[in-house]
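Here is a set of questions and answers on the packing of one protein chain. Each answer works from the coordinates to a value or a name.

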Amino acid sequence: MRGRHLDAYSAYKRVASKDHINAYDREESSVGLVNAKGIGNPSWRHSLPHMLVATLSSFLFGYHLGVVNETLDSISMDLGFSGNPLAKGLVVSTCLGAAFFGSIFSGWILDGVGHRRAFQLCALPMIIGASMSATTKSLWGMLLGRIFVGTGMGIGPPVAAIYVSEISPAFIRGTFGSFTQIATCLGLMGSLFIGLPAKDIVGWWRVCFWVSTVPAAVLAVCMEFCAESPQWLFKRGRGTEAEAEFEKLLGAAHVKFAIAELSKSDRGDELEAVKFSQLLYGRHFKMVFIGSTIFALQQLSGINAVFYFSSTVFKSFGVPSDLANICVGIANLSGSVVAMILMDKLGRKVLLLGSFSGMAVAMGLQVTGASSYASGSGALSLSVGGMLLFVLMFSLGAGPVPSLLLSEILPGRIRAKAMSVCMAVHWVINFFVGLLFLPLLEQIGPIVLYTIFATFCLLAVIFVKRNVVETKGKSLQEIEIALIPPQ
């Protein structure tokens with residue numbers, strides 16, 4: 001087994017410049033893998049319901065990101081902190097801070113109790129937190145509720161990304177993985193539309209929080225009937241249960257081939273506990289570094305500054321905030337749908353390169369719009385058009401690809417914990433970009449700040465070009481054998 005791994009890895013190194021991860025596809029198998037491949041791809045309909053249930057966590061993630069956008073003024077008036085900008089900031093930032101801690105522990109939760117229970121542990125604090133926020137009479141009650149919700153938000157994204165990648169057939173894994181981004185967009189837009197009456201109806205913001213408990217409860221209940229990840233079961237020596245779950249997800253004809261694929265990547269150390277230090281050095285460090293850097297560059301591109309403060313930019317040109325949010329939401333959703341269609345056709349790397357390149361161009365338009373070379377309607381067109389183009393290009397690749405790509409390239413033994421570390425990097429930089437955007441905008445101006453964001457987008461293009469390999473159409477086990485050398 002070890003010799004086969006070494007041969008496959010050596011062969012991969014010889015063709016890595018072409019981004020092929022199929023050197024070992026030529027290996028002969030003693031269990032009839034060639035014949036198994038000959039029966040064609042498994043039906044995507046088997047795994048579709050399980051994937052859709054999992055994306056409810058992404059919907060909730062998007063919903064709670066946006067639920068205070070339209071309702072914050074009403075909340076502050078009803079709870080008596082309307083004149084306190086610090087309190088308003090805490091209502092938003094406590095959720096992000098709690099999400100950081102939730103993401104840190106998500107890997108250990110997932111490895112400990114499995115994907116189905118991890119989803120339920122994601123839904124539970126969201127139900128509790130939303131209920132507390134909906135019924136509170138004070139700022140402190142609201143903050144406590146947001147902490148509970150944020151914890152669930154931190155657990156959800158890494159668990160969803162890993163679960164969807166592990167239950168999806170290889171030929172459609174990119175398409176299914178894109179559904180998590182689409183669900184996040186739908187959650188954001190849903191919170192926007194539900195929050196619109198908050199300015200006119202007293203106490204409507206409480207309804208907005210109550211509404212979120214419904215999909216959270218559906219997620220918790222439906223997960224009882226969903227398949228557990230066969231990879232997680234197999235790592236724990238529960239091969240018979242893994243076979244049963246593969247039958248649910250792929251169909252009976254593909255079970256033997258799927259189990260044989262898992263056996264190929266089994267290096268005999270799956271049951272050993274993964275120490276945090278193992279993620280920071282040794283043979284796994286490069287994968288963790290690539291994942292963390294992609295998430296860091298995603299946030300340093302300025303995307304969440306655009307999401308958080310787009311209304312302010314639109315207002316400066318006389319565009320109502322409601323219309324601004326709708327336009328940004330439509331651009332985000334449209335790009336995500338296109339990415340879903342292209343993910344398994346063009347591949348992850350192409351979408352990332354095109355996305356970050358387009359984001360750099362869009363930031364260039366905003367720089368031009370903010371300069372003295374444009375005025376009046378020209379400045380409006382360049383600034384607003386550049387912002388919408390930026391969101392569109394982000395949703396084509398930089399938005400949906402990183403989580404999907406990491407769930408593919410991280411080896412099974414460390415996948416959950418490594419993903420939690422990479423997501424924690426995402427949350428830290430997300431927090432600081434949101435915290436420092438407005439002060440930096442005032443101190444150095446939009447031209448310099450948007451130029452910095454464009455520079456990070458270009459750095460992302462270079463990093464992706466040099467470090468990211470294409471993974472479309474390959475099983476997780478094929479990717480792992482090719483990328484990770486044996487000890």
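Q: At roughly what angle do the axes of H5 and H10 cross?
A: The model is a predicted one. In it, the axes of H5 and H10 come within 9 Å. Their crossing angle is roughly 115 degrees.

Q: Which residues of H10 does H5 meet, and how do the residues of the contact divide by type?
A: From H5, the residues taking part are Ser74, Ile75, Asp78 and Leu79. Their partners in H10 are Trp205, Arg206 and Phe209. By type, the residues of this contact are four nonpolar, one polar and two charged.

Q: Which residues of helix H5 are buried, and which helices do they pack against?
A: Helix H5 spans residues 72-79, and its buried residues are Leu72, Ser74, Ile75, Ser76 and Leu79. These buried residues pack against helix H6 (85-113), helix H8 (139-167) and H10.

Q: Is H7 roughly parallel or antiparallel to H10?
A: The axes of helix H7 (residues 115-135) and helix H10 (residues 204-222) come within 8 Å, with a crossing angle of roughly 160 degrees. Angles over 145 degrees count as roughly antiparallel. Therefore H7 is roughly antiparallel to H10.

Q: In which hand does H7 pass H10, and how many residues of the contact are nonpolar?
A: The crossing of H7 with H10 is left-handed. On the H7 side the contact includes Phe119, Met126 and Ile127, and on the H10 side it includes Trp205, Phe209 and Trp210. Six residues of the contact are polar and one is charged, while the nonpolar ones number 13.

Q: What is the arrangement of the rings of phenylalanine 100 and phenylalanine 101?
A: The count of aromatic pairs is nine. In the pair of phenylalanine 100 and phenylalanine 101, the rings lie 5.2 Å apart centre to centre, with 75 degrees between the planes. Planes over 60 degrees apart count as edge-to-face, so this pair is edge-to-face.

Q: Are phenylalanine 431 and phenylalanine 432 buried or partly exposed?
A: These two residues form an edge-to-face aromatic pair, at 5.4 Å centre to centre and 80 degrees between the planes. The relative accessible area of phenylalanine 431 is 32%, and that of phenylalanine 432 is 44%. Buried requires under 20% and exposed over 50%, so phenylalanine 431 is partly exposed and phenylalanine 432 is partly exposed.

Q: Is glutamine 181 buried or exposed, and which residues does it touch?
A: Glutamine 181 is in helix H9 (residues 173-195). Its relative accessible area is 13%, so it is buried. Leaving out residues up to four places away in sequence, glutamine 181 touches Asn332, Ser336, Phe394, Gly399 and Pro400.

Q: What share of the chain is buried?
A: The chain has 21 helices and zero strands. Of its contacts with a separation of 6 or more, 84% are between residues 24 or more positions apart. Among the 487 residues, the buried share is 57%.

Key. Residues are numbered from 1 along each chain as its sequence is written. This is a predicted model: local features need pLDDT of at least 70, side-chain atom pairs count only at pLDDT 80 or more; totals for chains, interfaces and linings use all residues. Side-chain values use heavy atoms; hydrogens and water are left out. Axes are lines fitted to C-alpha atoms, for helices over the stretch in contact, and angles run from 0 to 180 degrees between N-to-C directions. Helices (H or I, at least four residues) and strands (E, at least two) are DSSP runs, numbered from the N terminus. Angles under 35 degrees count as roughly parallel, over 145 as roughly antiparallel, 65 to 115 as roughly perpendicular and the rest as oblique. A crossing is left-handed if the near helix is turned anticlockwise from the far one by less than a right angle, and right-handed if clockwise. Contact means heavy atoms within 4.5 Å. Ala, Val, Leu, Ile, Met, Phe, Trp, Tyr, Cys and Pro count as nonpolar, Asp, Glu, Lys and Arg as charged, and the others, Gly among them, as polar. Buried means under 20% relative accessible area, exposed over 50%, partly exposed in between (1.4 Å probe, protein chains only). Rings of Phe, Tyr and Trp (its six-membered ring) pair if their centres lie within 6.5 Å; planes under 30 degrees apart count as stacked, over 60 as edge-to-face and the rest as tilted.
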